[in-house]
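Let's take a walk through this fold, from the overall layout down to one helix pair. Keep the viewer open as you read.

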Amino acid sequence: MFIEDRSTLVFATGVGRVKEEKPKAERPQGDGVVRIQLKRLGGGKMASVVTGIPLDEDELKDLARTLKQKCGVGGSVKDFNIEIQGDKRNILKTELEKKGYTVKLSGG
């Protein structure tokens, strides 16, 4: 292994700081079914995870905001998945079905 293989260029004379462009994350292709599963976290906490929504990142954040407001809890968007605090699968299912998605409850 050569030193060039494991090092990254940070600064070059005449050019200045060199920034590598990170590849933009792409939405994984799904089968058209939105799945809601329960994720168990440490300390007895749980989170409802919504996967398979065919939206762009900005639209997904807007949908997550409305779902968090309907549930009255916090949450976040990570890797094109919406994570809602607590076991709110039934509320999420009804709200997503109102928006026209095919929803399945998966997992435990």
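What follows goes from the whole chain to its core, and then to a helix contact.

A word on ground rules: this is a predicted model, where local features need pLDDT of at least 70, side-chain atom pairs count only at pLDDT 80 or more, and totals for chains, interfaces and linings use all residues. Residues are numbered from 1 along each chain as its sequence is written, and side-chain values use heavy atoms, with hydrogens and water left out.

Start with the big picture. The protein chain has 3 helices and 7 strands, taken as DSSP runs numbered from the N terminus (helices are H or I with at least four residues, strands are E with at least two). Read from the N terminus, the order is α-β-β-β-β-α-β-β-α-β. Of its 108 residues, 25% count as buried, meaning under 20% relative accessible area, with exposed being over 50% and partly exposed in between (1.4 Å probe, protein chains only). Among contacts (heavy atoms within 4.5 Å) between residues at least 6 apart in sequence, 47% join residues at least 24 apart.

Now look inside. The largest nonpolar core has 16 residues; such a core is a set of buried Ala, Val, Leu, Ile, Met, Phe, Trp, Tyr and Cys residues joined through side-chain atoms within 4.5 Å. Strand E3 (33-40), helix H2 (57-71), strand E6 (81-85) and helix H3 (89-98) each put in at least two residues, and H2 gives the most, with 5. Val50, Ile53 and Leu63 are among the residues with the most contacts inside this core. Leaving aside residues up to four places away in sequence, Ile53 touches Arg27, Val34, Leu60, Leu63, Ile82, Leu96 and Tyr101.

So how do H2 and H3 cross? Their axes come within 10 Å and cross at roughly 130°, the axes being lines fitted to C-alpha atoms over the stretch in contact, with angles from 0 to 180 degrees between N-to-C directions. That makes H2 oblique to H3, because angles under 35 degrees count as roughly parallel, over 145 as roughly antiparallel, 65 to 115 as roughly perpendicular and the rest as oblique. On the H2 side, the contact is made by Leu63, Leu67, Lys70 and Cys71, and on the H3 side by Ile91, Leu92, Glu95 and Leu96.

Finally, zoom in on Ile91 in helix H3. Ile91 is partly exposed, with a relative accessible area of 33%. Beyond four places in sequence, Ile91 touches Lys70 and Cys71. Ile91 and Cys71 sit 20 residues apart in sequence and 6.8 Å apart in space, C-alpha to C-alpha.
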